[in-house]
Amino acid sequence: MSKKNKALLYNLFSFGILYVFIRYILIDYTSLTGFMRPLASFVVATLLAPKFQAGMVNGKEKIYMRWLFLKDAKEVG
């Protein structure tokens, strides 16, 4: 599996886990109804989820992660 595919899967899983978690929190602790619950969950999960990207450095393909709470990109082992 290529590094680009792994980065895509990491993005999908991190967003999905946060989306489900935030949606259940919104159901329990807010009075949002209808379409606003999934929309609010989508927006918050999009902002909080880490972003993964594959890039070439010195001829090797590596995966890097950027997150709202980190100052710079970190290499994913």
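Trainee: Before we look around, when do two rings pair up here?
Mentor: Rings of Phe, Tyr and Trp (its six-membered ring) pair if their centres lie within 6.5 Å. Keep in mind that this is a predicted model.

Trainee: OK, how many aromatic pairs does that rule give?
Mentor: The count comes to four aromatic pairs.

Trainee: Let's take phenylalanine 15 and tyrosine 19. Why is that pair stacked?
Mentor: Their ring centres are 5.9 Å apart and the planes sit at 25°, so the pair is stacked. The cut-off for stacked is planes under 30 degrees apart.

Trainee: What does phenylalanine 15 do with phenylalanine 42?
Mentor: Those two make an edge-to-face aromatic pair, with 5.9 Å from centre to centre and 75° between the planes. Phenylalanine 15 belongs to helix α1 and phenylalanine 42 to helix α2, so this pair ties together parts that are 27 residues apart in sequence.

Trainee: Which residues make up the aromatic cluster, then?
Mentor: Phe15, Tyr19 and Phe42 form one cluster. Phenylalanine 15 is partly exposed at 23% relative accessibility, and phenylalanine 42 is partly exposed too, at 44%.

Trainee: Back to α1. How many residues has it got?
Mentor: Helix α1 has 27 residues, running over 3-29. From first C-alpha to last it reaches 39 Å, close to the 39 Å expected.

Trainee: Which of its residues are buried?
Mentor: Ala7, Ser14, Tyr19, Ile22 and Leu26. They pack against α2 (36-48), β1 (51-57) and β2 (60-66).

Trainee: New topic: what order do the strands come in?
Mentor: Three strands form an open sheet, β1-β2-β3, with antiparallel pairing. The edge strands are β1 and β3 (74-76), each pairing on one side only. From one strand to the next, the twist averages 45°.

Trainee: And how does α1 sit on that sheet?
Mentor: Helix α1 packs on the sheet and touches β1, β2 and β3, and its direction makes about 165° with that of β1.

Trainee: How many bridges join β1 to β2?
Mentor: Seven. Valine 57 stands opposite lysine 60 in β2, and methionine 56 has glutamate 61 as its bridge partner. Two residues lie between these strands in the hairpin, where asparagine 58 takes a positive phi near 55°.

Trainee: What about β2 and β3?
Mentor: They pair in the antiparallel sense over three bridges. Tyrosine 64, for instance, has glutamate 75 in β3 as its bridge partner.

Methods: Residues are numbered from 1 along each chain as its sequence is written. This is a predicted model: local features need pLDDT of at least 70, side-chain atom pairs count only at pLDDT 80 or more; totals for chains, interfaces and linings use all residues. Side-chain values use heavy atoms; hydrogens and water are left out. Helices (H or I, at least four residues) and strands (E, at least two) are DSSP runs, numbered from the N terminus. The expected span of a helix is 1.5 Å times one less than its number of residues. Buried means under 20% relative accessible area, exposed over 50%, partly exposed in between (1.4 Å probe, protein chains only). Contact means heavy atoms within 4.5 Å. Two strands pair if DSSP finds at least two bridges between them. Axes are lines fitted to C-alpha atoms, for helices over the stretch in contact, and angles run from 0 to 180 degrees between N-to-C directions. Rings of Phe, Tyr and Trp (its six-membered ring) pair if their centres lie within 6.5 Å; planes under 30 degrees apart count as stacked, over 60 as edge-to-face and the rest as tilted.
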